[in-house]
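This briefing summarises the fold, the surface and selected strand pairings of the chain shown below. Please read it alongside the sequence and the 3D structure.

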Amino acid sequence: MRRLLTIARVLRACATTLALLMGGIGVAAAQDARVETQRVEDTPRIETLRLTGSVSAPRTSQLSSAEAGQVASLDVALGDRVSQGERLMALDSREAELERQRAQANIDQARADRDDARQRLNEANQLSAQQNIAVSEQRRRQNTLAAAEALLDARQTEYALWELRVARHTITAPFDALITQRDSELGEWVTPGDTLMTLVDIDALRLDFPVPFSAYGRMDDATLEIRLEGDTRWYAARPQARVPQDATSRQFLLRAEPAEALSLLPGMALEGRLLLEGETGPSVPRDALIRRPDGSVSVWLARQEDDAWRAYEQRVEIGSGHEGNVAVLDGIEAGDRVIVVGNERLEEGQTLSLIDDD
């Protein structure tokens, strides 16, 4: 029995010694936490404005014909890419061709009459030099030549008009484009103003975003980034125009173009973020923030006291974030040293060992 009591006392002594040793280790660890810090600097505060927009095609043409006629040929199909000046379709131009031929014949007749009148006037001028012709006859021949020349000009104008009308029976592409709609078929009769097909310039697409008027005056230094639907990457975009909309919407249209070539089609949905530069102020890395269950936010600051660094918790009011940094509206100042690594289990006043101590 006495031997058992002795063993029990030895075990209790060992346990006490172990507890003291473990406690000492814990205290030493708590007093010597290794952390990494970063000095707080005043930087421009970036406000991020989330936008929703779409891809638009400013150059969209609904082609029609200036002449009435029957569709004689269709040279393109829905979805074809066409080049500027390429023939798309043609109307039956046989009647206009005949009229042009008649106008050409009228020109030939008028030119012959003009040449004859000029010859007769030349003869009258020769006779007048010999005083063998009346002055009135010479004047009459001058008037006949002038009338013949005027008639020739009229016939040439008539020919040019019919040549233009013949050309209008052929529909060509006004610019490089994609055929997105075709509203006519072979044999159909079309009249001026009827939509024959729709062309969209998909190489000059624009990005349109409705933006609150509150951002209108801050656009000079703003940066726009876009993200395509289903994509995770953000792409840079260049703002091109700010177009005020009707006052009831309290928005303006921000039109932009991508800074690099992207696979876009008209009507695609876009996500945008407009980065607006504001006043300067302190900001900290997002990793420095400690969020408490009660909703408050704090940071740990490293302060030097008696040749030793110590940790002190400081509640802060935060603003918007950008690229891993968060603006701090209240609680810290430029020059403070905020702990960014090793701030998970610190205690108030705990001594620190700074990895980045300079």
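**Contacts and overall form**

Of the contacts in the chain with a separation of 6 or more, 73% are between residues 24 or more positions apart, a contact being heavy atoms within 4.5 Å. This is a predicted model, in which local features need pLDDT of at least 70 and side-chain atom pairs count only at pLDDT 80 or more, while totals for chains, interfaces and linings use all residues. Residues are numbered from 1 along each chain as its sequence is written, and side-chain values use heavy atoms, with hydrogens and water left out.

**Architecture and dimensions**

- The chain holds 3 helices and 21 strands; helices (H or I, at least four residues) and strands (E, at least two) are DSSP runs, numbered from the N terminus.
- The chain is more spread out than a compact globule, because its radius of gyration is 44 Å, well over the 21 Å that the globule rule gives for 358 residues. The radius is taken over C-alpha atoms, and the rule is 2.2 Å times the number of residues to the power 0.38.
- The C-alpha trace spans about 170 × 50 × 40 Å along its principal axes.

**Surface and charge**

- Buried residues account for 35% of the 358 residues, where buried means under 20% relative accessible area, exposed over 50%, and partly exposed in between (1.4 Å probe, protein chains only).
- The accessible surface is about 21700 Å², and 47% of it belongs to carbon and sulfur atoms; areas come from the Shrake-Rupley method with a 1.4 Å probe.
- The chain has 42 positive and 59 negative charges, whose mean positions lie 3 Å apart. Lys and Arg count as positive and Asp and Glu as negative, without His and the chain ends; the charges are placed at NZ of Lys, CZ of Arg, CG of Asp or CD of Glu.

**Pairings of strand 11**

- Strand 11 (residues 206–212) pairs with strand 2 (residues 41–56) in the antiparallel sense over 3 bridges; pairing requires at least two DSSP bridges between two strands. Ser54 has Asp208 of strand 11 as its bridge partner.
- Strand 11 also runs antiparallel to strand 14 (residues 251–258), joined by 6 bridges, with Phe209 opposite Leu254 of strand 14.

- Four strands form an open sheet in the order 7-6-4-9, with antiparallel pairing. Its edge strands, strand 7 (170–172) and strand 9 (189–190), each pair on one side only.
- Within this sheet, strand 4 (residues 69–74) and strand 6 (residues 87–91) share 3 antiparallel bridges, and Ser73 stands opposite Ala90 of strand 6.
- Ser184 lies in the loop between strand 8 (177–182) and strand 9. Ser184 counts as buried because its relative accessibility is 1%.
- Leaving aside residues up to four places away in sequence, Ser184 touches Val71, Leu74, Met89 and Leu196.
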